[in-house]
Each structure stands twice: as C-alpha cells, then as structure tokens.
Amino acid sequence: MLYVSTRGSLNKKTGAQAVIQGIAEDKGLYVPASIPKLPFKVEDMLDASYKEIAKKILLCYFDDFTEEEMDYCVNGAYDSKFTASDVCELKEADGVHFLELYHGKTAAFKDMALSILPYLLTTSMKKEGVTDKVLILTATSGDTGKAALEGFSDVPGTEIIVFYPDGGVSQVQRQQMITTTGANTHVYAVKGNFDDCQTEVKKIFNDPEIKAALKEREIIFSSANSINIGRLVPQVAYYVYSYVKMVARGVVKNGEPINIVVPTGNFGNILAGYMAMKMGIPVNRFICASNDNKVLTDFIKTGLYDIRPETRDFMLTNSPSMDILISSNLERLLFMLNGRDSDQLNEWMYSLENLGFYTVLDSESLTEGMKAFWGGYCVEADTIKAIGDMWKEHGYLMDTHTGVAYKVYKDYVKETGDETPAVLASTASAFKFAEAVGDALGLPKAADGFRAVENLEKATGVQVPYGLKDLDKKEIRHSGVVTIDEMPRTVLGI
Ligand SMILES: *Cc1c(COP(=O)(O)O)cnc(C)c1O
C-alpha cells in the first residue's frame with residue numbers, strides 16, 4: 001500500500017513514511033493509491049471484537065507493518081483507557097443507532113484515533129530508522145488537542161505543541177488542555193479562530209526557514225490533525241465495526257445498506273466512513289451535519305465552496321468542535337472523486353486560498369460522486385431542543401455535536417422519506433458541553449462549566465467520564481496566549 005499526495009507530487013510513500021511526515025511536501029494530503037477491499041467477509045466477523053476488526057482494517061492500510069507490530073499498536077491503544085464494553089458502543093434510541101465513540105480518556109471520539117497514533121508513529125520511526133525527535137504540531141477546535149496531548153504525553157522521542165482558539169472552546173475542553181501533565185507537552189491559546197490556527201500550523205509545516213532550523217537540531221515535524229493518515233485510517237475501523245454489529249443484531253441483513261450520519265467539521269470522520277464504503281460496506285447515503293458554520297451544507301447542495309467574508313461569518317456555537325470553515329479533509333474526497341486529477345485540485349485549492357471560494361461544477365464525475373452525500377445544518381436553538389426532546393422522550397443523553405447530527409438526520413428523513421437504518425456517529429460525552437446540555441434539559445444555570453458537570457450528573461444519573469472528574473481542582477500548567485503572528489516564533493522557542 002502506497003500513498004500519493006492530492007497535489008500531484010510524484011513521491012509515493014509507504015504507510016509508515018506518510019504517518020511520520022503528516023502532510024506532503026507539496027502541501028497536499030496523503031491518500032491511499034487505491035482503497036483496499038475488506039480483508040474478510042462480514043458474516044465471518046459477527047462475533048469479532050473491536051480490536052480484531054481494527055487490526056485487520058489497519059493492516060490493509062499499513063501493509064508495511066508486521067502482524068506483531070500491529071498487535072502491539074492495537075493492544076496498547078485500546079485497553080482499559082476505554083470504559084465501553086468493546087471500546088465503543090452501539091446504542092439505539094428513537095430508532096437511530098448511536099455509535100458512541102467517546103468512551104476513551106478525553107471523552108470525545110478523537111481518542112479512537114489519537115490513542116493509537118503515537119503507537120503507529122513510534123513504530124513507523126523504528127521501521128524507517130528515524131532517530132530524529134518528532135515535533136507534533138496540532139491545531140484544535142477543542143477535542144483533538146486534549147486527545148493528542150494525552151496520546152503523546154511523555155512518549156519518548158516526541159514533543160507536542162497544541163494551539164487552540166482563545167474563547168473558541170468550552171470551559172471543560174479548555175481546562176482539560178491547560179492542566180495537561182507530561183514533560184513534552186505545550187499548549188497555547190491563540191488570538192484567532194480555529195481556521196486561523198489550522199492555516200498557520202499548515203504554513204509553519206512548510207516554512208523553509210523553520211524546517212532548516214529544526215533540521216539543525218535533528219527534529220522533524222509531524223501532525224496529529226486528521227490531515228495525518230494515521231488519524232484517518234483508525235477511524236475507518238469503527239464504521240466497518242458498526243456495520244458488522246448492525247448485521248449481527250439483525251437490524252440489516254448482510255449486504256443491505258445503512259445510512260451514516262456524521263456531525264462534521266474538518267471532514268475527517270465522515271471521510272473515514274466513505275473509505276469504509278469504498279472497502280465494501282454497503283452505504284446508501286452519508287448525511288453530513290453542520291452547525292451554523294454551514295459551508296459544507298451549501299457546498300453539497302450547490303457545488304460552490306465559499307468562505308468569503310461577504311458570504312458568511314465564522315460563528316462561535318455551542319458545538320465548538322465543528323466551528324470550522326476550512327474543512328481540510330474535503331480535499332481528499334475531491335481528489336478521489338475527480339478522477340485523481342491533481343491539476344484541477346490545485347486550481348480549486350489555489351482559488352480557495354486566494355479568492356475564498358471554488359466551484360466544482362466543471363467536474364462531472366465529482367458532481368456524480370457527491371450524490372452519495374446529503375448535507376444539512378442545525379442552528380443552536382434547534383440543537384438545544386433536539387437534546388431536550390431526546391432526553392424527555394427517550395431518556396437518551398446527547399452532547400451538542402451529536403444533537404446537531406440527530407436533528408439534521410430527522411430533517412433528512414422528513415425531506416426524503418428514506419428509512420434505511422442509520423448509524424449516527426456520537427462524537428462526544430454530553431459532560432464536555434455540560435452548560436449547553438444543562439440548558440437543554442431545563443436545569444438552572446450553573447455558576448460555571450464545572451458546576452454544570454456536577455448538576456448534569458445529579459439530574460440525569462449518568463456518570464461523569466473519569467477523564468472529566470475534578471477538572472477544576474487540577475493545577476493549571478499551560479497559560480500562554482499568543483497572536484497568530486507569534487505562532488512560528490513560539491514553535492522555534494520550544
Ligand atoms: C472533531 C469533532 C467533530 C468533527 O469531526 P471532523 O472529523 O473534524 O469532521 C465533531 N464532533 C466532535 C465532538 C468533535 O470533537
């Protein structure tokens with residue numbers, strides 16, 4: 001299995017090389033040269049554990065790893081850090097199958113990939129004979145940051161820097177990050193939004209001066225964002241797993257399709273679902289759910305990707321991990337759908353960077369391929385209502401991101417009448433967004449985010465995830481705030 005860059009560089013990489021590098025030298029994203037087929041028959045896996053399925057899927061994409069190496073990665077990642085019965089959990093409420101992916105250390109789905117990425121990376125370094133230190137540079141809209149910090153904390157040979165938007169994450173998310181321990185962890189608030197953080201991080205990756213300075217010190221960059229295929233591939237596994245479980249439970253017969261609903265920001269999670277389909281999982285429709293930052297909804301409906309300030313503002317919402325306008329991983333989908341035409345892709349990306357928009361209507365194959373996606377969005381008030389109604393009517397607790405997806409799914413069914421059984425990616429614990437969820441349940445306003453967590457536990461009887469307990473009593477270790485311009489110097493300083 002080799003990886004190619006979306007931007008056309010002729011340099012192909014093995015899985016190990018692509019993970020180490022994070023982003024291609026031509027600024028493109030690595031994509032498998034071809035999507036592998038499922039390595040098993042669904043009917044043979046009905047009793048399989050999450051780890052068994054994950055290992056087999058991962059080996060398809062990292063065929064340069066031995067089975068022993070992959071066992072080491074999978075067993076190290078998916079251990080008792082995960083409190084669900086089988087790493088994740090598939091729960092039904094209101095006829096929808098919620099794939100709960102948030103039972104790891106930091107209580108968001110990012111743990112599914114970021115608990116294994118450090119293993120994939122360090123194993124890759126050993127295989128490739130890389131002795132340089134790896135500096136993980138990460139921009140976060142709230143959840144990636146903490147999951148990456150936990151994954152890499154005190155991992156030998158690595159150093160990690162996380163930039164999060166100041167005022168753009170929930171109080172619980174912020175506290176999780178700034179109390180992180182580990183001698184190799186660094187966290188900074190940035191005076192800007194997530195797009196600013198991500199764009200500057202991508203720039204720093206490709207800054208020749210910084211690269212040279214790092215080289216002198218025998219340090220290389222890598223990424224813990226979903227631009228790294230080591231983030232993306234582990235996520236394919238849980239979509240395959242969910243289909244196997246839907247068949248095992250008799251919700252669908254083997255071969256019958258499901259719909260997949262995903263609360264979407266950077267497009268990594270939903271793209272992993274798409275890759276699972278390309279491997280052979282029958283999927284009828286991908287329902288791409290956005291919050292008020294509905295650039296993807298508009299793109300799916302019109303073929304115009306438009307982030308010009310005269311078209312839309314960047315909005316801060318109660319589902320902050322989806323407050324994103326520049327969805328990085330969409331680039332991978334466009335590449336897979338436009339006949340892997342890098343020249344055309346470069347034109348679109350150039351237009352986005354310089355003019356703030358692009359349109360894909362000139363690509364027939366892409367327009368055709370996009371029909372597998374349906375886009376919708378949900379405003380804050382509707383998110384609150386959806387969470388409240390679900391709790392009242394079905395006793396099921398959703399976080400704000402899952403709430404967005406659930407509401408958009410309801411809209412989809414209303415509009416299309418499509419009753420195909422649906423798996424909905426449930427991406428975070430409600431306690432990470434306890435203030436908004438407390439509102440939704442009609443609880444009195446709490447003094448702060450931490451009291452809101454306690455109140456929510458009392459009111460629902462649902463247990464606070466262990467990673468979120470006593471957060472306010474932890475020592476604050478990272479209080480730095482920087483401007484966007486200061487980010488490169490901050491990195492060099494570290
Ligand atoms: C990151 C995140 C998302 C968005 O996922 P993408 O892969 O960026 O599309 C949705 N919900 C939560 C809770 C997240 O942390």
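User: Contact here means heavy atoms within 4.5 Å. On that basis, which strands does helix α8 lie across?

Analyst: This is a predicted model. In it, helix α8, residues 194-205, lies across β6 (133-139), β7 (158-165), β8 and β9. Its direction is at about 155° to β6.

User: What's the strand order in the open sheet of 5 strands?

Analyst: The order is β9-β6-β7-β8-β16, and the pairing is parallel.

User: Which are the edge strands there?

Analyst: β9 (219-223) and β16 (480-483). Each pairs on one side only. From one strand to the next, the twist averages 30°.

User: How many bridges link β8 and β16?

Analyst: There are 4 bridges, in the parallel sense, with β8 covering residues 185-191. For a landmark, look at Ala-189: Val-481 in β16 stands opposite.

User: Now the open sheet of 6 strands. What's the order, and what kind of pairing?

Analyst: Read β4-β5-β15-β10-β11-β14. The pairing is mixed.

User: Why is one side of β4 and of β14 left without a neighbour in the sheet?

Analyst: β4 (89-93) and β14 (373-377) stand at the edges.

User: How do β5 and β15 run, and how many bridges join them?

Analyst: They run parallel, joined by 4 bridges. β5 spans residues 96-100 and β15 spans residues 422-426. His-97 has Val-423 of β15 as its bridge partner.

User: And helix α12, which strands does that lie across?

Analyst: β11 (283-290) and β14. Helix α12 is residues 295-302, and its direction is at about 140° to β14.

User: Switching to helix pairs. At what angle do the axes of α11 and α13 cross?

Analyst: Roughly 30°, and the axes come within 9 Å. α11 is residues 268-279; α13 is residues 330-337. Angles under 35 degrees count as roughly parallel, and α11 and α13 are therefore roughly parallel to each other.

User: Which residues make that contact?

Analyst: From α11, Leu-271, Tyr-274 and Met-275. From α13, Arg-332, Leu-333, Met-336 and Leu-337.

User: Last topic, the ligand. How many residues surround it, and which are the closest?

Analyst: 15 residues surround the ligand. The closest are Lys-110, Asp-143, Gly-265, Asn-266 and Asn-269.

User: What distance separates a ligand oxygen from the polar backbone atom of Gly-265?

Analyst: 2.8 Å. Backbone polar atoms of two further residues also face a ligand oxygen: Gly-268 at 3.3 Å and Asn-269 at 2.9 Å.

User: So how much of the ligand does the protein bury?

Analyst: 98% of the 390 Å² that the ligand exposes when taken alone.

Key
Residues are numbered from 1 along each chain as its sequence is written. This is a predicted model: local features need pLDDT of at least 70, side-chain atom pairs count only at pLDDT 80 or more; totals for chains, interfaces and linings use all residues. Side-chain values use heavy atoms; hydrogens and water are left out. Two strands pair if DSSP finds at least two bridges between them. Helices (H or I, at least four residues) and strands (E, at least two) are DSSP runs, numbered from the N terminus. Axes are lines fitted to C-alpha atoms, for helices over the stretch in contact, and angles run from 0 to 180 degrees between N-to-C directions. A residue is near a molecule or strand if one of its heavy atoms lies within 4 Å of it. A polar contact is a pair of N or O atoms within 3.5 Å; within protein, one must be able to donate a hydrogen and the other to accept it, and residues adjacent in sequence count only if both atoms are side-chain atoms. Accessible areas come from the Shrake-Rupley method with a 1.4 Å probe; for residues, only the protein chains shown count as cover. Angles under 35 degrees count as roughly parallel, over 145 as roughly antiparallel, 65 to 115 as roughly perpendicular and the rest as oblique.
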